[in-house]
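Subject: Structure for your review: aromatic contacts

Dear colleague,

Please find below the structure that I am handing over to you. I would be grateful if you could look through it alongside the notes that follow.

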Amino acid sequence: MVILSKPAIEQFSYIRNKQPATALFPPLIPIVDLSKPDSKHQIIKACEEFGFFKVINHGVPMEFISRLESEATEFFSLPLSEKEKTGQPKPYGYGNKRIGPNGDVGWVEYLLLMTNQDPNLATENPESFRVALNNYMAAVKKMACEILEMVADGLKIQPRNVLSKLMMDEQSDSVFRLNHYPPCPDVVQSLNDNVIGFGEHTDPQIISVLRSNNTSGLQISLRDGSWISVPPDHHSFFINVGDSLQVMTNGRFKSVKHRVVANSAKSRLSMIYFCGPPLSEKIAPLPCLMRGDQQSLYKEFTWFEYKRSAYTSRLADNRLMHFEKIAAS
């Protein structure tokens, strides 16, 4: 459990959620054991039905996970003035309450970093933090590439690195985010009222690899629009299908809408690796997945074009709507 000092965002005006988790009999979150030979089929099924799944036997050393959690806890425990020395989020750096430039706010503070550049870290021992970040990100990147190659195998795509090579490219535009949700003193424990930590959204990248401590808060939206809470598991990782993978599969996979609600008693710390392609990469349905005379649902665009559109939108906006093809009448 992570308990930090007095929240740096105590004066924040709460954003209430009037759409609580509502599924009466929520389905079980798909669990994929990466050590099993049939894991590729389980991944495909989970991506089609949920756009989300948990992975176990993932191969990321627990010492890397624990070390980074410890370093992140130390960072978020610093006085606000010290954390702000890391730099304002434009878009990379330290952010507090405000999520992006378009008016979204949440009960959260965060550190957003590029994965291919050494960050400016305002801690007593920045090198220790940097080593922890690099070890963790390298291990998670390796696991993410393995998952993307299993996706290719499950979809019978050749070559099998058609997706993973976008992450392995030295120009890959992957980013890494550390989110800290302090205990929220004003959370009302009722069925109809939650404080939003991070508002509902989909991730624009290919996939996102999420890991958090053992504090609840993450929720995902099901296909019928209902919300379910995801039980925390600090030993495992959760995978989100992103908008880009939805396009590349021509809608066969759906990017998962998710959000975080605040917790009244415990801090929540999450780490997310967003697997992005190079900025110049063209995103479109993969021809090998098109069946017969099936038409593309999306216009071709570059990752730079989509990223620019995504980051000039509100969190809850349907960003893909602007890139959908209009069916001929």
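The notes below concern the aromatic rings and the charged groups placed over them. Please bear in mind that this is a predicted model.

A search of the whole structure gives 11 aromatic pairs. One of them joins phenylalanine 75 and phenylalanine 129, whose ring centres are 6.1 Å apart with 45 degrees between the planes, a tilted arrangement. Because phenylalanine 75 belongs to helix H2 (residues 62–76) and phenylalanine 129 to helix H4 (residues 126–154), this pair ties together parts that are 54 residues apart in sequence. Phenylalanine 75 is buried, at a relative accessible area of 0%, and phenylalanine 129 is likewise buried, at 0%.

A further pair involves tyrosine 136 and phenylalanine 176: the planes meet at 55 degrees and the centres lie 5.7 Å apart, so this pair is tilted. Tyrosine 136 is in helix H4 and phenylalanine 176 in strand E6 (residues 175–181), so that distant parts of the chain, 40 residues apart, are linked. Tyrosine 136 has a relative accessible area of 1% and is buried; phenylalanine 176 is buried at 0%.

Ring pairs also connect Phe75, Phe76, Tyr94 and Phe129 into a cluster.

Two arginines deserve a separate mention. Arginine 177 is placed over the face of tyrosine 110, 4.0 Å from the ring centre. The charged end of arginine 259 lies over the ring of tryptophan 227, at 3.9 Å from its centre.

With kind regards

Technical notes:
Residues are numbered from 1 along each chain as its sequence is written. This is a predicted model: local features need pLDDT of at least 70, side-chain atom pairs count only at pLDDT 80 or more; totals for chains, interfaces and linings use all residues. Side-chain values use heavy atoms; hydrogens and water are left out. Rings of Phe, Tyr and Trp (its six-membered ring) pair if their centres lie within 6.5 Å; planes under 30 degrees apart count as stacked, over 60 as edge-to-face and the rest as tilted. Helices (H or I, at least four residues) and strands (E, at least two) are DSSP runs, numbered from the N terminus. Buried means under 20% relative accessible area, exposed over 50%, partly exposed in between (1.4 Å probe, protein chains only). A charge sits over a ring if NZ of Lys or CZ of Arg is within 6 Å of the ring centre and within 35 degrees of the ring normal.
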